[in-house]
Amino acid sequence: MREGNCCFFGDQPFSGHGSIGQRLNLTFGRCNTLATIIRNANSPNWGIASAAPAYIGGGAAGLVLENFGDGPFFAGAVPAETVAAMAVIAAAVVPAARGLPVGINVLRNDGAAALAIAAASGASFVRVNVLSGAMVTDQGLIQGRAAELMRLKRLLNINDVGIFADVLVKHAYPLAAQPMAEAVEDTLQRAGADAVIISGVATGSAPSMADLEAARAAAHGAPVLIGSGCNNQNAADMAPLVDGVIVASSLKCDGQLFNPVDLQRVRKLRQLLN
């Protein structure tokens, strides 16, 4: 299993955990067994040893951990070994973040596992790809399970863990057409998200300015983040419309997702967003 993590930048406080903003994917390398992951989680030679400091040193406001290398993804609940592995890694990422908020994203849409990992590791928020509505994806039909997740938060006594929810998530199409503004309102007001994430059609694809403008207006002050496609060429144009951006590929060496983090790319994007 190959893990990934991310960082974020921004200016708006969120739930006492710091500010929201860009997410950056980190790669922890290929690990074939849970035992290997456990042995490597705190090794200075593992990916997190260089990735987290590079993100933080470049000005990130937080980190996100996700199982990006686990494709093809399960549509719903992931296997127990994935949850165990991510919990072990998250327990190493949280202290490495030096007080910055850490988020958990269990792909493709296991929000319950993400909440459990956050509870066990001390992470500050989770990302849920489909919290509201129904999306047709390459994994099949994925439906929002907000009712279950909100009750699980109370059961785990982690009411301070935020839920960042994608709206009309990438690599997916809604089962029935829905305007962006209406989808944002449903995700925040009916599904209970704390922040919304707006993406393009695929990984590395930027959202349209029209979608960002509609999301900002419909959010009524709730945080809005960009979930894909932000880079040095478009950051300055999109930044005024959002509270933060989630970034992966463009901050890696040569712009390749599974390459090491490029500190200078992180710093450059931070400057543009400022």
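Biologist: What makes E5 and strand E8 (residues 162-166) a pair, and in which sense do they run?

Modeller: Two strands pair if DSSP finds at least two bridges between them. E5 and E8 have four bridges in the parallel sense, so they meet that definition. Within this pairing, Val 128 stands opposite Ala 165 in E8. Strands here are DSSP E runs of at least two residues and helices are H or I runs of at least four, numbered from the N terminus. The model is predicted, so local features need pLDDT of at least 70 and side-chain atom pairs 80 or more, while totals for chains, interfaces and linings use all residues. Residues are numbered from 1 along each chain, and side-chain values use heavy atoms, without hydrogens and water.

Biologist: Why are E4 and E5 called paired?

Modeller: Two bridges join the parallel strands E4 and E5, and the requirement is at least two, so they count as a pair. Gly 103 stands opposite Phe 125 in E5.

Biologist: What makes the unit of E4, H4 and E5 right-handed?

Modeller: E4, H4 and E5 form a right-handed β-α-β unit. The term means that, with the strands pointing away from the viewer, the path from the first strand over the helix to the second runs clockwise.
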